[in-house]
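Here is a briefing on one structure.

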Amino acid sequence: MAGIAINSAFDSGNIEVLSIDGDSAKLAIPYDAGGEFKQWFHFRVSGAGGRELTLKITGLNDSAYPKGWEDYDAVVSEDRDYWTRAKSSFDAGEDGGTLTIRHAPAGDIAWFAYFAPYSMERHHDLVAEAAASEGVTHHNLGNSVDGQPLDCLEMGEGETTVWLYARQHPGETQAEWWMEGALDCLTDPADPVGMHLRKRCRFFVVPNVNPDGSRRGHLRTNAAGRNLNREWAEPSEEHSPEVFHLLKAMDANPPVFAMDVHGDEAIPVSFLAGYEGIPGWTDEHGQRFYDYEAILERRTPDFQTEQGYTKSAPGKANLSMSTNQVAERFGATAMTLEMPYKDNPASPEPEQGWSPERCRMLARDCLAALLEWLDRK
């Protein structure tokens, strides 16, 4: 029987094959452009039928978030539609930090990834379907470094301007699965949450801020090697055109409410980060964020407030990050939504862990929380 073959030469693929021996392989994750970050992997194994695969991804102590590998299981799919978990274990002492994935596929081909991938082809399907919906206008805000369009979908006739944007960090694919759920809600004429929000708000939705990094299989950077969520103070057309054009569009349509959607490698729950520490902080401004956070926590067990990021000290907020910049620049109620790669220990789902389905459901809860928040504003 011939050995297995491993390939990542496809949309969002990313792996380096060091060696293959029968049913086993030794692998490594290449760095993003810029040479600073590595964590995202996505590859195909063929010739897998009837085998117990042992896949070792090495050198992970030098990855962007080594703590992200602890208590983590890789995702696997044989049809690229339904993604389940493959039993994995991490040993920091083996070969510079090694994640060992063990899985016996039912068929000859299996795809493995850090989280369920969201391809650029699926992105274009999402944009096309939403743009064809009644009351939706499509805008091309500009082009990426590689020349890909930056898609924005506008809808609603209300007075409150809302910006939703995702995948500044392309390997955080949870964010675009969330966007799929949000657009399903907002474009469905029979959805009562979407219907009432369209009456009260004017939405600008950018499902993927970093299409180049998405296609190239990066974790955090664009094609120029820039971490887009550190470019908001002084974005440039040369190195970070994605943020440059997005911020220019926000200047023309200032947000009242803004959500930047992400995934967090280490923390196994969903949470929000606010804008404590901005120069223009007031208790009244901050309370609007805390009110929304409390509503969302009450609405769904898939969101919590006990775990999250350390709040910035007064005057110490990093204004190169979008949430801080948007809150300071526009006085908006801005926030960063983080979702996990790992299973939520409070609501475990052993087969899939945190999944695309739960990302989509959380999106609708976020929008329902926004509708309730508008009544309190």
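H2 and H8 cross in the right-handed sense (right-handed if the near helix is turned clockwise from the far one by less than a right angle, left-handed if anticlockwise). The residues of this contact divide into eleven nonpolar, two polar and three charged. Here Ala, Val, Leu, Ile, Met, Phe, Trp, Tyr, Cys and Pro count as nonpolar, Asp, Glu, Lys and Arg as charged, and the others, Gly among them, as polar.

The model is predicted: local features need pLDDT of at least 70, side-chain atom pairs count only at pLDDT 80 or more, and totals for chains, interfaces and linings use all residues. Residues are numbered from 1 along each chain as its sequence is written, and side-chain values use heavy atoms, with hydrogens and water left out.

**Helix H2 against helix H8**

- The axes of H2 and helix H8 (residues 356-376) come within 7 Å and cross at roughly 50 degrees. Axes are lines fitted to C-alpha atoms, for helices over the stretch in contact, and angles run from 0 to 180 degrees between N-to-C directions.
- H2 and H8 are therefore oblique to each other. Angles under 35 degrees count as roughly parallel, over 145 as roughly antiparallel, 65 to 115 as roughly perpendicular and the rest as oblique.
- On the H2 side, the contact includes Trp177, Trp178, Gly181 and Cys185. Contact means heavy atoms within 4.5 Å.
- Helices (H or I, at least four residues) and strands (E, at least two) are DSSP runs, numbered from the N terminus.

**Helix H1 against helix H2**

- Helix H1 (residues 120-131) and helix H2 (residues 174-187) pack at an angle of about 15 degrees, with axes 11 Å apart. That makes H1 roughly parallel to H2.
- The H1-H2 crossing is left-handed.
- Arg122, His123, Leu126 and Ala130 in H1 meet Glu176, Trp177, Glu180, Leu183 and Thr187 in H2. By class, this contact has four nonpolar, two polar and three charged residues.

- Nine strands form an open sheet with mixed pairing, in the order S1-S4-S9-S6-S7-S8-S5-S3-S2. Two strands pair if DSSP finds at least two bridges between them.
- Strand S1 (5-7) and strand S2 (16-21) stand at the edges, each with a single partner strand, so one side of each is left without a neighbour in the sheet.
- On average, neighbouring strands are turned by 25 degrees against each other, direction ignored.
- S2 pairs with strand S3 (residues 24-28) in the antiparallel sense over five bridges. Lys26 in S3 is the bridge partner of Ser19.
- S1 and S4 run antiparallel, joined by three bridges. Ser46 in S4 is the bridge partner of Ala5.
- S4 and strand S9 (residues 109-113) also run antiparallel, with five bridges. Ala110 in S9 is the bridge partner of Val45.

**Burial**

- Four of the five residues of strand S4 (residues 42-46) are buried, so S4 is largely enclosed by the rest of the structure. Buried means under 20% relative accessible area, exposed over 50%, partly exposed in between (1.4 Å probe, protein chains only).
- Ala86 lies in strand S7 (residues 84-91). Ala86 is buried, with a relative accessible area of 0%.
- Leaving aside neighbours within four places in sequence, Ala86 is in contact with Asp73, Ala74, Val76, Ile101, Arg102, His103 and Phe112.
- The C-alpha atoms of Ala86 and Ala33 are separated by 28 Å, and the two residues are 53 residues apart along the chain.
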